[in-house]
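Dear colleague,

I am passing on the structure below, together with some notes on what was found in it. Please read them alongside the model.

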Amino acid sequence: MLNRSEMEKIYSEYLRQLSRASADRFLRLALSRAIKSYRRNTETALKLFPHTVELAEKLREIKEYSLLHIDELISQAKDMIEDMKGHFFLAETPEQAMEYISDLVKPGDVVVKSKSLTSEELHINEKLEEMGCEVYETDLGEFLIQRLGSKPMHILSPAIHVPRERAAEVISKAVGKELPPDIPVLVGEVRKLLRKKFFEASVGISGANVIAAETGSVFIIENEGNARLVTGLPEKHIVIAGIEKLVPTLLDAMIAVEVTSRYANYKAPAYVSMISCPSKTGDIEKQTTYGAHGPKEYHVVLLDNGRKEMIKDPVYRQALYCLRCGGCMYNCTVYPLVAGNFGYIYMGGIGAPLTRFLLGGLERAAPIAYTCTMCGRCVEHCPMRIDVPKIIQKIREEAARAGIVPERLIENLGGITGVKIGG
Amino acid sequence: MAKDILLWSGCVYRKNLVSERESIVSVFKAAGLDFETLDDEGCCYFPIFLAGYIEKAKERADELEKSLSGYEMIVTPCPACYRMFKHIYPEELGRNLGPEVLHTSQFFLNLIKEGKLSLRREVKMKIMYHDPCELGRHSGIYEEPRQILSRIPGLEIFRPRYEREKAVCCGGGGLLSAFSPSLAAKIAARKLQEEDRVPEDLDAIVTGCPQCISNLRAGIRFLKSKELREIKVMNIAQLIELSLGGD
Ligand code: SF4
């Protein structure tokens, strides 16, 4: 299935990228600052709220239970969302999801988005633009990345590698005037630009950090306030999330919110939105009317795209416990030198199984797997204690079966061990 | 006569760290032990397993079972071999190879406690102990190397910012040093400078893994000052050797 010589090209290109990144002194500096502040903030947050560690253990159990009862949770969420006049769609593939979403937008629509890694699995921005929509990422980091045409370098701080000078260039171009590399000025200009777009937009697309099946409620954690506008101002709000975001109850969801935020280095995030249905009012004659001040239409699109296959395997299943807190990356052996280049779209060691199943396949996961030093330090820092080395081992075993272990690796190993591995 | 103790060196010691290996042999001899080595030791197949070839590793178990049979105990200075024999074959591949397996740090500490090795000579050095991932996080051996080092008179021990479970990998693990030696070396340099924050007056980094020794040495060349680039990387046996005898 996978062609060996093509694979070798992928490995070479990937290693070249890593080597370029590791020689980039600015990236190094930016990363070491980010790592320092992440570690300091997380330490403070965990010291202030030491029970978070126990909550994380509990959350791991909740996640495991949820994955093992996923069909039940999906149908529970569907029933509740539909009962409350929202729309629900379970997409097996990104294509199905995209088709569903395409019916909700029309050419010329302004679409505002708040951060959603899962939506990358749909290549949604490109697809919507092809349809003639104007798409705005509204999370500042994502806004920069979108304009740079580069890939995100961290799951929480996608523009971790972009210095203020570069940001000034990008934002100047977007607003059509020369701006100084002054961070508050830049933030203010983006705010002005996007404020207009939030009002013009007919569709808002968001992700979800966790979803409570019992009420179908979606939770979104954020600091910038953009998700509130994305989910509150346009007429239609579409949520795109993986099925693994489901947990049974509202209380379970709150635990996920608390743990995710703490390990994402916040004592408390600026905002947590809980959304259960389209906006409504019954203030005139107790007659419920949809579309008060918030969206009139509310859609929840849950994506399988290989997740159910992952759930079946006890090793790969763990990868779906991931909260995207980013802690592993800040404590990684490899990441601090090369950032998201150690990854495909999903990054870091935990990115390997996600790449394998959700976005990229084995050919994109294998380079990540062979870069991971399998040191296990991330496990010590992961709130879900995901056994990344074990998962990486499994991907390597798949690579060996597919005959795509990197040739340079086989050769170097032969030199030391004397073991010859043919073909 | 029962063949009791086998010193299993591992590929990296045999091929690349010959003089460091000699120190291990000297320590064995200093304790007055009967031990054997294998002329055709071969590979433990940990790297082969780690590359993903588990079937090949399973096949290797047959040969190993033969060559190791009859020994009561295997002592190895390589944490990869240690983990392979002690944990991976029996726990992951369903093959118990028979003999008890010890890492040299465990074995040497026992000898010291039994009085077979006496660490009496002062070693005036400032060292840092680096926890190898295979030995520490993956095999749970944190104490023994530290206990040995703490018994060496004169030794000043510098502690890195992160130790034990939180210790930072040298970058040579998971076969990265075979996939991208240059990246592995840069990782080692970053680890020493930014994570461990080794001081300029450090004489040596001491560790219990040949893979770490090689990769740390490769990384040290990238450190920013001449003093830092002169830091040595040694194994535990070399330190023991320095402290043996005396009075
Ligand atoms: S793997 Fe663990 S530490 Fe890394 S992002 Fe996911 S939950 Fe956070």
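In which hand of crossing does α6(B) pass α7(B)? The crossing is left-handed, a term used where the near helix is turned anticlockwise from the far one by less than a right angle, clockwise being right-handed.

This is a predicted model, in which local features need pLDDT of at least 70 and side-chain atom pairs count only at pLDDT 80 or more, while totals for chains, interfaces and linings use all residues. Residues are numbered from 1 along each chain as its sequence is written, chains are lettered from A and ligands numbered from 1 in the order in which they are written, and side-chain values use heavy atoms, with hydrogens and water left out.

Helix α6 of chain B covers residues 104–113 and helix α7 of chain B covers residues 143–150, helices being DSSP runs (H or I, at least four residues) numbered from the N terminus.

The domain assignment of chain B, automatic or from a database, gives domain 1 (5–112) and domain 2 (118–243). Their C-alpha centres lie 21 Å apart, and the contact takes 25 residues from domain 1 of chain B and 27 from domain 2 of chain B.

With regards

Note on methods:
Axes are lines fitted to C-alpha atoms, for helices over the stretch in contact, and angles run from 0 to 180 degrees between N-to-C directions. Helices (H or I, at least four residues) and strands (E, at least two) are DSSP runs, numbered from the N terminus. Contact means heavy atoms within 4.5 Å.
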